[in-house]
Amino acid sequence: MKNFLRTPFKYRYYYATFIIIALNVLVYAFTCLFPRTVNYLGLSVPGVLGYHLWFELITYMFTHGSIMHLVLNMLCLFFFGVSVERSVGSSEFLLLYFLCGIIGGALSLAVYYFTGSYHSILIGASGAVYSVLLVYATLFPRSIISIWGIIPVPAPLLIIAYIVIEIVSQIFSTSNVAHFAHLIGFFVAWLYLVVRMGLNPITVWRNAWRR
């Protein structure tokens, strides 16, 4: 019997990464002109459960709170997203990006609800971008990334370091950075790789670096 979960899309490449980046820039410009719209575009318990603004599960991924927040996310998406998209095709890339972003947002919303954080608003593409980072490190396990253009780090090791940093930050940080959303992005991407692509990142990394 055919496994529909692993049935690949017909390969097409239509610059989806650049389109996503452009949309993020446009939405940021819009929210700069109309700051109060962040309350409707960001993901929140009152917005989704109170006013049934279900579109927030998507729009939050295109909404950023500062130019630095936007630039960092878009740079990561550019450097890693283009390679992932070229490897798997634009349709697969879009499914990965939005599925991870939407599920990550929904799980974060559930945490806000059950912890009573009704006034918290989740914004930013970080969760979806972190998903792309994990997929990149799995598709290109021997890739070397230069930190600050100086320190060479294998992609899998960088991802593991990111995960550890996010766990520690989630436990000890008092900032408003959504570390939990980042961790969810990694987790959902991991499931996506296993279920959709039949790839276990740990196995891929171990085989790639085995001597």
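**Entry: Leu 77**

I began with the contacts of Leu 77, passing over residues up to four places away in sequence. Leu 77 touches Thr 17, Ile 20, Ile 21, Val 82, Phe 93, Tyr 97, Val 129 and Val 132. I take contact to mean heavy atoms within 4.5 Å. The model is predicted: local features need pLDDT of at least 70, side-chain atom pairs count only at pLDDT 80 or more, and totals for chains, interfaces and linings use all residues. Residues are numbered from 1 along each chain as its sequence is written, and side-chain values use heavy atoms, with hydrogens and water left out.

**Entry: the core**

Next I looked up the largest nonpolar core, which has 48 residues. Such a core is a set of buried Ala, Val, Leu, Ile, Met, Phe, Trp, Tyr and Cys residues joined through side-chain atoms within 4.5 Å. On relative accessible area, buried means under 20%, exposed over 50%, and partly exposed in between, with a 1.4 Å probe and protein chains only. Leu 77, Val 84, Phe 93 and Tyr 97 have the most contacts inside this core. At least two residues each are supplied by α1, α3 (45-50), α5, α6, α7 (126-139), α8 (155-172), α9 (179-196) and α10 (201-208). The largest share, nine residues, comes from α7. My helices (H or I, at least four residues) and strands (E, at least two) are DSSP runs, numbered from the N terminus. As a general note, nonpolar side chains tend to be buried together in soluble globular proteins.

**Entry: α5 against α6**

How are α5 and α6 packed? For helix α5 (residues 67-88) and helix α6 (residues 90-114) I noted an angle of about 130° and axes 7 Å apart. The axes are lines fitted to C-alpha atoms, for helices over the stretch in contact, and angles run from 0 to 180 degrees between N-to-C directions. The two helices are therefore oblique to each other. The scheme takes angles under 35 degrees as roughly parallel, over 145 as roughly antiparallel, 65 to 115 as roughly perpendicular and the rest as oblique.

From α5, Leu 77, Gly 81, Val 84, Glu 85 and Val 88 take part, meeting Ser 90, Glu 92, Phe 93, Leu 96 and Tyr 97 of α6. I sorted this contact by class and got six nonpolar, two polar and two charged residues. Here Ala, Val, Leu, Ile, Met, Phe, Trp, Tyr, Cys and Pro count as nonpolar, Asp, Glu, Lys and Arg as charged, and the others, Gly among them, as polar.

**Entry: α1 against α6**

The angle between α1 and α6 is about 40°, and their axes are 9 Å apart. That makes α1 oblique to α6. In α1 the residues are Ala 16, Thr 17 and Ile 20, and in α6 they are Ser 90, Phe 93, Leu 94 and Tyr 97. This contact divides into five nonpolar, two polar and no charged residues.

I then moved to the segment before α1, where Tyr 13 has its place. Its C-alpha atom is separated by 5.0 Å from that of Ser 90, 77 residues apart along the chain. Not counting residues up to four places away, Tyr 13 touches Phe 18, Val 82, Glu 85, Arg 86 and Ser 90.

Tyr 14 is also in the segment before α1 (16-33). Leaving aside neighbours within four places in sequence, Tyr 14 is in contact with Ile 19, Glu 85, Ser 90, Ser 91 and Leu 94. I found a polar contact of its side chain with the side chain of Ser 91, at 3.2 Å. A polar contact is a pair of N or O atoms within 3.5 Å; within protein, one must be able to donate a hydrogen and the other to accept it, and residues adjacent in sequence count only if both atoms are side-chain atoms.

Tyr 15 lies in the segment before α1 and is partly exposed at 46% relative accessible area. Its phi is near 60°, a positive value in a residue other than glycine.

**Entry: His 52**

I noted a positive phi of about 60° for His 52, although it is not a glycine. His 52 lies in the loop between α3 and α4 (56-59) and is exposed, with a relative accessible area of 51%.

**Entry: two serines**

Ser 108 lies in helix α6 and is buried, with a relative accessible area of 2%. Beyond neighbours within four places, I listed its contacts as Leu 122, Phe 180, Ala 181 and Ile 184.

Ser 143 is in the loop between α7 and β1 (144-147). Ser 143 is buried at 16%. With neighbours within four places set aside, Ser 143 is in contact with Tyr 136, Val 153, Pro 154 and Ala 155.
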